[in-house]
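Subject: Two-chain model, handover and findings

Dear colleague,

Please find the structure below, with the sequence. My notes on the strands and the chain contacts follow it.

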Amino acid sequence: MRMKGRFGAFGGAYVPEILMPALEQLEAAFLDAQQDVAFQAELAELLAKYAGRPTPLTRCRNLGSAKARLYLKREDLLHGGAHKTNQVLGQAMLACRMGKRRIIAETGAGQHGVATALAGALFGLETRIYMGAHDVERQKLNVFRMQLMGAEVVPVESGSAGLKDAINEALRDWTASFADTHYLLGTVAGPHPFPLMVREYQRVIGIEARAQILEEEGRLPDAVIACVGGGSNAMGMFSDFVEDEDVRLIGVEAAGKGLDGAEHGATLLRGRPGILHGAETYVLQDADGQISESWSVSAGLDYPAVGPEHAYLKDSGRAEYVGATDQEALDAFALLARSEGIVCAFESAHALAYALKMIEEAREELVLVVNLSGRGDKDMEQAQLLLGLKP
Amino acid sequence: MTRYRQMFDRLDNKGAFGAFVMLGDPDIETSAAILDALVEGGADMIELGIPFSDPVADGPVIQAAAERALANRVTPSDCFALIRDFRAKHASVPVGILTYANIVLARGMEAFYRSASVAGVDSVLVADVPAFEAEPFARTARAAGVAPVMIAAPNTPSETLQRLAVLGGGYTYCVARAGVTGAGDDISLNHDALFGELRRLGAPPPVLGFGISTPDHVKAALDAGAAGVISGSAIVRLIEAGAEGVADRIRAFVASMKEAA
Ligand SMILES: Cc1ncc(COP(=O)(O)O)c(C=O)c1O
């Protein structure tokens, strides 16, 4: 490895020795590609002409007020329907650069699976997606989209049959298949270089948002807010604001059925440092170190670990982490639809829910940017069920 | 002299047969009887898993073993107690632990290795700690008098082999093939180069594991220059078949494997 892959005390590469050469190969390919003008030009062109960047920054017309202004970074408008496409294109290009013919990925909400499937189709790579059986059930529409684009979807029954278990299965596949297969991990978690690489490919969100808000407001926002599952859309949004010390960085975790119980996905709020899926980071676990099952209404936030850079930002105090419950997220989801005509993903609704709380409590001028990480089509069936709507 | 050293010396140029099972599988009482059966069958060294909820280096057979143990609420403390009782009966058999990093960290690194040492453990292998991250684990293990076993694979570059030759103790766990644990016919035995390189670097003796499930595998691995073999999934499968007569089945299987060593 050229780097230690650490964010303060967090991160690293805790994988079986047999996977280390694959991580080293990936690190080298990524770092070289960062310096490769032709690679960067091709990626920029794909992001613009295939994926639809830049995404707009929308000022809400009806939520917020003249004094408390709410802006949405519209990753829901990106091709594929979520921010996931940003980094999948970069990794798929790296897979080709490394001469791999096959890609595998885990998915929770199915958005990363959809993004991986579209990249697999685009680059002619054989694609297999591991997805918890529980998530297959609650995000059916995305399963069909993946299959339509030619990906094989493998339901994972072990453990809690969720995102954590899908990652376990993808890692097991990769320990046997790394010679011809790239593991296209979907978030800023996992061993080095994934947290660094995925952040760099998601950084475009914050770069655009920073320029857009300066143009709109003539100043930086008071806070940028993003939901945190593994943490990729949040790192994408935060990274370009980290040096702007007056901008609060707020990550919203899934408080599920409440932070006092066990049914949540609030790793940074309720976990403690440990090692899962290749990284030293905050983990939901029992006293012996067995990993706890998480819960969230949103499959994408239903994960008992978190990207190691968030662990670092939490401990250093640079970012704040808060929770939004299932109910708060559902309310925000419904409110956004009614008042702005935007149907967002359940995941993104967590970030919105916290922003709405801040707006409600605002006494002074307040400018907020919420990363609307994805659109809500995948959640329609669950929304009907949970909001009591009949088709 | 360590128990591993004594064992390798005693075996002279014959290979060591190592047996792996998951501690507390299917329950603590049966597990204690299984440990005895391993020795009675002729195992030279035994390797014991402490169950972890998310064993990414393990295939379905050993995953299921961990699930059975965890379903019976087997804790790391139970595992150390099992080893302590085993050690009281079997003074000279080297005992290694195989587990995952979070289990070590949750107890506290120093506390974990101290507990292991007090229980009579000779070595600890942490499946998801490669040489790149091993230094603090190895240092803490040695301070507690426990040998840190390192993993080497046929694709491990020579700088890493050099590093693990220095860091490692007890034996060097060589993986027979890419992939997770599991019994199968797909093991590749072209490890002569790896074994030779490890010997040249002065690494602890190379022991081959992953997929070793027949006497032929044992013979071939030892012929290729391994100092020993470890068979895991093939033994764990005998436990999966049910508690009835499990000690007899295991004793017979271990004896057949040991005969080939
Ligand atoms: C729309 C959307 N937002 C957020 C997430 C959570 O992932 P991350 O925290 O990596 O952004 C997901 C994951 O599936 C998602 O689909």
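**Sheets of chain A**

Strand S9 (residues 223-227) and strand S14 (residues 366-372) of chain A pair in the parallel sense over three bridges. Here strands are DSSP runs of E of at least two residues and helices are DSSP runs of H or I of at least four, both numbered from the N terminus; two strands pair if DSSP finds at least two bridges between them. A:Val224 stands opposite A:Val369 in S14(A).

Before going on, the conventions: this is a predicted model, in which local features need pLDDT of at least 70 and side-chain atom pairs count only at pLDDT 80 or more, while totals for chains, interfaces and linings use all residues. Residues are numbered from 1 along each chain as its sequence is written, chains are lettered from A and ligands numbered from 1 in the order in which they are written, and side-chain values use heavy atoms, with hydrogens and water left out.

S9(A) and S14(A) belong to an open sheet of six strands with mixed pairing, in the order S3-S4-S14-S9-S10-S13. At its edges are strand S3 (57-59) and strand S13 (319-325) of chain A, each pairing on one side only. Neighbouring strands of this sheet are turned by 25° against each other on average, direction ignored; axes are lines fitted to C-alpha atoms, for helices over the stretch in contact, and angles run from 0 to 180 degrees between N-to-C directions. Helix H9 (residues 204-217) of chain A packs on the sheet and touches S3, strand S4 (68-74) and S14 of chain A, contact meaning heavy atoms within 4.5 Å. The direction of H9(A) makes about 145° with that of S4(A).

A further open sheet of chain A has four strands in parallel pairing, in the order S7-S6-S5-S8. Strand S6 (residues 126-132) pairs with S7(A) over five bridges, with A:Ile129 opposite A:Val153. Helix H7 (residues 163-177) of chain A lies across strand S5 (102-107), S6, S7 and S8, at about 160° to S5(A).

There is also a hairpin of S11(A) and S12(A) with two residues between them, where A:His277 in the turn has a positive phi of about 50°. Strand S11 (residues 272-276) and strand S12 (residues 279-283) run antiparallel and are joined by five bridges; A:Pro273 has A:Tyr282 as its bridge partner.

**Between the chains**

37 residues of chain B are in contact with 33 residues of chain A. The two chains bury about 2,800 Å² between them, 55% of it on carbon and sulfur atoms; buried area is the accessible area (1.4 Å probe) that two parts lose on being put together, summed over both. B:Asp54, B:Val56 and B:Phe132 supply 22% of the area that chain B buries against chain A, more than any other three residues.

The interface has two salt bridges, a salt bridge being a side-chain nitrogen of Lys or Arg within 4 Å of a carboxyl oxygen of Asp or Glu. A:Arg6 forms a salt bridge with B:Glu133, the closest N and O atoms being 2.7 Å apart. This pair runs from strand S1 (residues 6-7) of chain A to the loop between strand S4 (123-126) and helix H7 (135-143) of chain B. Over all chains, the structure holds 47 salt bridges.

Regards
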